[in-house]
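Here is a protein model to read together. Look at the strands before going on to the questions.

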Amino acid sequence: MYEHESRGVRISVSPDYLEDESTPEDGRYVWAYTIEIENTGEQPVQLIARKWVITDANGRTEHVQGMGVIGEQPVIEPGERFRYTSGAPLPTPSGFMSGSYEMRRGDGESFAATIPGFSLDRPSDRLWLH
């Protein structure tokens, strides 16, 4: 799991390779990633928009932007969490994602909450150090 906290918003990411949805012979590798956003601050926060940078193993980078996540712009009260799962296909068997959410506090202040960078690796390709 990957985790980062920005201004009272803790973001945790857990990626998972989807072998059943991937077709390596066609150059298609698919990952799901589950994100949990926890409001550790004292005001409600609303997730307004997202920005992603997705890099494949060949160094090709794709920038993805949009409003909300999974069709929602959730308001997260202090002490509460919002969790969702989404996915990303790549043409290579590994890659990397990072990004940020535009958040708005209850008082109207907007800020960027960093999504921790995380690697997309197939379990069979992970390198374990002893």
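**Strands and their partners**

Student: How many bridges join strand β2 to strand β3, and how do the two run?

Tutor: The model is predicted. In it, β2 covers residues 9-17 and β3 covers residues 29-39. The two strands run antiparallel, and the bridges between them number nine.

Student: Which residue in β3 is the bridge partner of Ile 11?

Tutor: Strands of a sheet pair through backbone hydrogen bonds. For Ile 11, the partner in β3 is Ile 37.

Student: What is the bridge partner of Tyr 2 in β2?

Tutor: Strands β1 and β2 run antiparallel, with five bridges joining them. In β2, the partner of Tyr 2 is Val 13.

Student: Which residue takes a positive phi in the hairpin of β1 and β2?

Tutor: This hairpin has two residues between its strands. The positive phi is near 50°, and the residue that takes it is Arg 7.

Student: Which strands are the edge strands of the open sheet?

Tutor: The sheet has four strands in the order β1-β2-β3-β7, with antiparallel pairing. An edge strand here pairs on one side only. That applies to β1 (2-6) and β7 (81-90).

How values were computed
Residues numbered from 1 in each chain as written. Predicted model: local features only at pLDDT ≥ 70, side-chain atom pairs only at ≥ 80, totals over all residues. Heavy atoms only, no water. Pairing = 2+ DSSP bridges.
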